[in-house]
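Please keep the sequence and the coordinates at hand while reading.

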Amino acid sequence: GVDGSPGCERVTRLGVDVGGTFTDLVLWDDVTGTTIVHKVPSTPEDPSVGALAGIRELCARAGLPAAALDGVIHGTTSAYRAMVAQRSGHIVNTASVAGMTVWTHAAPYGVSKAAVIQLTKTTALEYAEEGIRANCVCPGSARTPMLEGFMGGDPKIERMMTAGVPLGRLATPAEIAEAIVWLCSDAASFVIGHAMAVDGGSVVQ
């Protein structure tokens, strides 16, 4: 993974070296911060990121990986340096509908996803005048290997997962990807700071 700052820097340099520009950044994990996004220090011990450290500790206690917090902030910081020079770019973070509603017995997960949404909105406002757009997608239950592993092939669990989805089924990974591609495209050129639920209607009930 590229949850640490050095890894994100390598990805950014690779994008610039290969294509000459760095236009699209899609991040699948989350972070938050308390200063201007690209100026957030890398060390969680810094007092200016006390909120970040607190969320990191909460998630660590629940066994969530460090990438669930550090990937977005380091990725955004690295991409900013490349995008600001060309005064254009698109950042799409991936949160979850868990950050838009409340799930019992899932506080660390929900808090981390809500943090991604808030970070995305802050990033959008801070980067807009630089020509950089930031948005995020909030998937509902999708038929990914992780969810398949959770369901374990049990049709009862799958029925439970789809019971709260008005469309009556799980999303496909391709449907989530289509939303991300749209947010990175010129068709979304006037869309910033948006948390797009791709969930078959579960959060609007």
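The text below treats the fold, the aromatic pairs and one serine in turn.

The coordinates belong to a predicted model, and the values given here are computed from it. The protein chain contains seven helices and four strands, which follow one another from the N terminus in the order α-β-α-α-β-α-β-α-α-α-β. Of the 205 residues in the protein chain, 41% are buried. Among contacts with a separation of 6 or more, 72% are accounted for by residues 24 or more positions apart. The protein chain exposes about 10400 Å², of which carbon and sulfur atoms supply 60%.

Turning to the rings, a pair of aromatic rings is described by the distance of the centres and the angle of the planes. The count of aromatic pairs in this model comes to two. In one of them, Y80 and Y127 lie 4.6 Å apart, centre to centre, with 40 degrees between the planes, and the pair is tilted. This pair links distant parts of the chain, since Y80 sits in helix α3 (residues 67–86) and Y127 in helix α4 (residues 107–127), 47 residues apart. Y80 counts as buried because its relative accessible area of 11% falls under the 20% cut-off, and Y127 is likewise buried, at 0% relative accessibility.

The other pair joins W103 and Y109, whose ring centres are 6.2 Å apart; their planes meet at 20 degrees, so the pair is stacked, given that the limit for stacking is under 30 degrees. W103 is partly exposed, with a relative accessible area of 41%, and Y109 is partly exposed as well, at 29%.

The table gathers the geometry of the two pairs.

| Pair | Centre to centre | Angle between planes | Class |
|---|---|---|---|
| Y80 and Y127 | 4.6 Å | 40 degrees | tilted |
| W103 and Y109 | 6.2 Å | 20 degrees | stacked |

Where in the chain does S202 lie? S202 is placed in the segment after β4 (195–198), and with 24% relative accessibility this serine counts as partly exposed, because the value lies between the limits of 20% and 50%. The side chain of S202 makes a polar contact with the side chain of D199, at 2.9 Å. When neighbours within four places in sequence are left aside, S202 is in contact with G164 and P166. A163 is 39 residues from S202 in sequence, while their C-alpha atoms are 9.4 Å apart in space.

Note on methods: Residues numbered from 1 in each chain as written. Predicted model: local features only at pLDDT ≥ 70, side-chain atom pairs only at ≥ 80, totals over all residues. Heavy atoms only, no water. Phe/Tyr/Trp six-rings, centres within 6.5 Å; stacked < 30°, edge-to-face > 60°. Helix = DSSP H or I, 4+ residues; strand = E, 2+ residues; numbered from the N terminus. Buried < 20%, exposed > 50% of the residue type's maximum accessible area, 1.4 Å probe, protein only. Contact = heavy atoms within 4.5 Å. Polar contact = N/O pair within 3.5 Å; in protein donor to acceptor, adjacent residues only side chain to side chain. Areas by Shrake-Rupley, 256 points an atom, 1.4 Å probe, with all protein chains shown as cover.
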